[in-house]
Amino acid sequence: MKSSRPEALSVLVVDDDTQMLKTIKDILRLRGYSAVIAATGREALKVTSEMVNAPAVALVDLQLPDMDGIELIGRLREIAALTEVVILTGNASIDSAVRALRENSNDYLLKPVQPELLVGTIERAGERWQRHRAELAMSESEERLRLIFDHVSDALFIADDSGRIIDANPAACALSSQSLETIRALTMAEVLPESSPQGRSDHRVLDVRSAAFAPGVLVYTVRDLTRQRKLEDQLVQAQKMEAVGQLAGGVAHDFNNLLTVIMSYSSMLLADMGANDAVRGDIQEISDAAQRAAALTRQLLAFSRKQVLQMRAVNVNSVVTDVEKMLRRLIGEDILLTTHLDPELALINADPGQLEQVLINLAVNARDAMPQGGDLTITTDNAELSDEHGERHLGAAPGSYIMLAVTDTGSGMTKDVQQRLFEPFYTTKGVGKGTGLGLATVHGIVKQSGGDVYVYSELGHGTTFKVYFPRLTTAEPVTITAEHRAITPRGSETVLLAEDDEAIRTLGARVLGALGYNVLVARTGGEALRIVAEHKGQIDLIATDVVMPEMNGSQLVERVLEARPGIRVLFMSGYTDDEVMRRGVIDGQTAFLQKPFTPDLLAHKVREVLDLP
Ligand SMILES: Nc1ncnc2c1ncn2[C@@H]1O[C@H](COP(=O)(O)OP(=O)(O)OP(=O)(O)O)[C@@H](O)[C@H]1O
Ligand SMILES: [Mg+2]
């Protein structure tokens with residue numbers, strides 16, 4: 001018998017005989033137990049529930065004044081399930097002892113209690129308690145490990161050193177699409193052929209690691225990186241598009257100024273020239289070439305998402321219906337065009353002209369993919385993009401969209417082509433056949449409208465492009481529509497022209513001056529403000545470039561409006577780079593002249609803004 005223990009086991013002693021209580025308590029304390037005493041059943045329950053740790057052993061007299069000992073044992077069990085109960089019985093009644101034993105007590109002692117017997121019994125009870133506690137702790141920890149094993153997202157395979165699988169978690173079963181029973185009959189190489197160098201059976205990217213745990217036991221941790229890798233690829237692709245877009249936008253901006261000059265001077269020359277002038281044809285060629293160059297710049301700007309969109313509430317169904325006839329002509333007779341338009345289709349906020357561009361580009365590509373003829377289907381539908389969609393694709397936020405799908409039964413394309421097709425100048429068509437700007441333009445327009453475009457294609461079977469546009473939530477924006485009249489309108493108002501490009505400034509002043517306007521010119525925002533401050537008479541309109549060094553167009557206008565609140569405003573630009581400006585034009589509140597422009601367009605726009613109510 002040990003006289004001291006590392007951790008004093010606690011013993012609850014319940015007896016109404018206080019002398020007896022004291023004696024037992026003294027004996028137990030002497031043997032190194034911590035003893036807690038109670039004279040009644042109620043007191044016993046009270047002290048037990050107040051103890052931080054339930055007693056290891058409860059020594060319970062069967063005859064108590066307030067409660068039947070058997071009842072007490074039952075109630076003690078409820079609050080201290082592990083406690084070993086030893087009953088004390090004075091009358092040697094076998095009957096009650098048997099009953100007590102059945103009632104979940106674990107041992108008994110007869111009164112009068114002999115100290116050695118008491119200590120021996122308590123000692124054995126303490127050992128049983130410790131064993132049970134250890135078993136419980138073990139099973140709890142096993143349960144925890146099992147939980148982790150069952151719920152961890154990595155696939156875990158446990159194999160012996162010959163590779164035969166002993167156990168696998170549910171993630172492993174899911175990864176290998178096998179039941180646990182099947183897996184157990186297999187080896188690692190059979191379950192995951194991807195992990196062996198020979199032959200990948202699918203396109204998954206798996207990270208397989210193995211570690212020897214115990215001798216002869218290997219644990220394989222397999223993580224499916226397919227989705228992560230896909231998102232990384234998408235990100236790299238998006239960054240590449242962004243960089244090329246920046247470049248394209250920058251080039252297009254300078255080109256627009258140059259083209260404005262070329263287009264304007266050639267049109268002025270043509271206007272001044274007699275119908276039979278010898279060089280008329282030559283100048284017409286210059287003018288036509290400039291127009292074609294302007295169309296190309298527009299595409300570049302569309303791709304770089306820097307073109308100015310004339311947004312309004314649009315029903316995509318009517319855009320489809322509007323271009324349908326033209327599309328039929330475009331695709332020829334060997335291709336059958338079918339449309340499935342959802343009559344309940346929600347409105348979107350977009351530039352209808354640009355939507356037509358999207359449709360035409362997709363349809364022309366479909367035609368090129370079906371040289372032998374086939375089916376071209378255009379579908380519209382309301383669509384909800386789920387969180388899950390957002391996880392699979394970068395870009396589109398979850399929410400309410402409308403979907404425009406263009407499906408062909410043509411050649412389809414390889415994964416490599418699918419990866420690159422939105423890049424500008426990426427084409428698989430022969431020299432002179434494609435510029436590779438079609439889908440880049442589509443991509444730019446769709447992204448700038450807050451949407452997204454996806455391609456689904458199978459080599460030899462056809463392709464579907466799905467374009468998503470966010471549904472319109474705000475009220476229909478106001479649009480300023482240019483009304484084109486045959487005659488160039490004139491005027492006598494005072495116009496302040498702010499433009500950093502000298503050629504455009506000179507041109508604008510000359511055109512407006514010739515039409516009768518009083519023109520004030522400024523090379524910078526600062527100069528424009530000085531003129532605004534010093535000019536004695538009225539200034540009716542400020543026509544300003546958007547992108548200027550030092551102070552941009554919208555900053556300038558803000559200051560000018562402070563000084564002269566009634567002044568009319570016309571922005572001129574080939575592209576937008578400024579958030580304020582972009583919003584202003586998108587909601588249709590701002591008058592805007594797109595570069596490159598011709599003298600005639602400038603004249604009409606200036607008149608239109610001056611004549612606004
Ligand atoms: N519906 C389709 N079916 C098969 N391949 C397609 C389809 N649409 C696009 N592609 C592939 O994507 C490439 C890029 O298309 P994109 O419209 O950007 O340029 P392009 O058609 O080659 O030239 P462009 O449109 O400027 O005349 C095409 O060259 C073609 O390989
Ligand atoms: Mg194309």
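**Figure 1. The surroundings of K595.** Leaving aside neighbours within four places in sequence, K595 is in contact with N256, N257, T260, E499, D545, M572, S573 and G574. The model shown here and in the other views is predicted. K595 sits in the loop between strand 21 (592-594) and helix 20. Is K595 buried or exposed? Its relative accessible area is 2%, so K595 counts as buried, the cut-off being under 20%. Two of the contacts of K595 deserve a close look. The K595 side chain makes a polar contact with the side chain of E499, at 3.2 Å. The K595 side chain also makes a polar contact with the side chain of D545, at 3.2 Å.

Figure 2. Follow helix 20, which covers residues 599-610. K605 and E608 join their side chains in a salt bridge, with 3.7 Å from N to O. Why are K605 and E608 separated by about one helical turn? They are three residues apart in helix 20, and therefore about one helical turn lies between them. K605 is buried, at 10% relative accessible area. E608 is buried too, at 13%. Now find R607. Its side chain meets that of D611 in a salt bridge, 2.7 Å from N to O.

Figure 3. R31 forms a salt bridge with E116, and their closest N and O atoms are 3.1 Å apart. The pair links distant parts of the chain, 85 residues apart. R31 lies in the loop between helix 1 (18-30) and strand 2 (34-38). E116 belongs to helix 5 (residues 115-151). R31 is partly exposed, with a relative accessible area of 21%. E116 is also partly exposed, with a value of 47%. Side chains of opposite charge can pair when their charged atoms come close. How many salt bridges does the structure hold? The count is 27. Elsewhere, a network of salt bridges links R146, D150, D167 and R184.

**Figure 4. Helix 11 and its bend.** Where does helix 11 bend? This helix spans residues 316-331 and bends by about 45 degrees at E324. E324 is one of the buried residues of helix 11. Look next at the two ends. At the start of helix 11, a side-chain oxygen of N315 comes to within 2.8 Å of the backbone nitrogen of N317. Just after the helix, G332 takes a positive phi of about 85 degrees.

**Figure 5. The site of ligand 1.** How many residues surround ligand 1? There are 21, and the closest are N365, T427, T428, K429 and T435. An oxygen atom of ligand 1 is 2.8 Å from an N or O atom in the N365 side chain. At the T428 side chain, an N or O atom is 2.4 Å from an oxygen atom of the ligand. A nitrogen atom of ligand 1 is 3.5 Å from an N or O atom in the side chain of T463. On its own, ligand 1 has 590 Å² of accessible area, and the protein covers 90% of that.

**Figure 6. A302 and G444.** These two residues are 142 residues apart in sequence, but their C-alpha atoms are 5.3 Å apart in space. A302 lies in helix 10 (residues 280-303). A302 counts as buried, at 1% relative accessibility. Step back to the whole chain. Among contacts between residues at least 6 apart in sequence, 67% join residues at least 24 apart. The chain has 20 helices and 21 strands. Buried residues make up 46% of its 613 residues. The chain exposes about 31,300 Å², and carbon and sulfur atoms supply 53% of that area.

Conventions
Residues are numbered from 1 along each chain as its sequence is written. Chains are lettered from A and ligands numbered from 1 in the order in which they are written. This is a predicted model: local features need pLDDT of at least 70, side-chain atom pairs count only at pLDDT 80 or more; totals for chains, interfaces and linings use all residues. Side-chain values use heavy atoms; hydrogens and water are left out. The bend at a residue is the angle between axes fitted to the seven residues ending there and the seven starting there. Helices (H or I, at least four residues) and strands (E, at least two) are DSSP runs, numbered from the N terminus. Buried means under 20% relative accessible area, exposed over 50%, partly exposed in between (1.4 Å probe, protein chains only). A polar contact is a pair of N or O atoms within 3.5 Å; within protein, one must be able to donate a hydrogen and the other to accept it, and residues adjacent in sequence count only if both atoms are side-chain atoms. A salt bridge is a side-chain nitrogen of Lys or Arg within 4 Å of a carboxyl oxygen of Asp or Glu. Contact means heavy atoms within 4.5 Å. A residue is near a molecule or strand if one of its heavy atoms lies within 4 Å of it. Accessible areas come from the Shrake-Rupley method with a 1.4 Å probe; for residues, only the protein chains shown count as cover.
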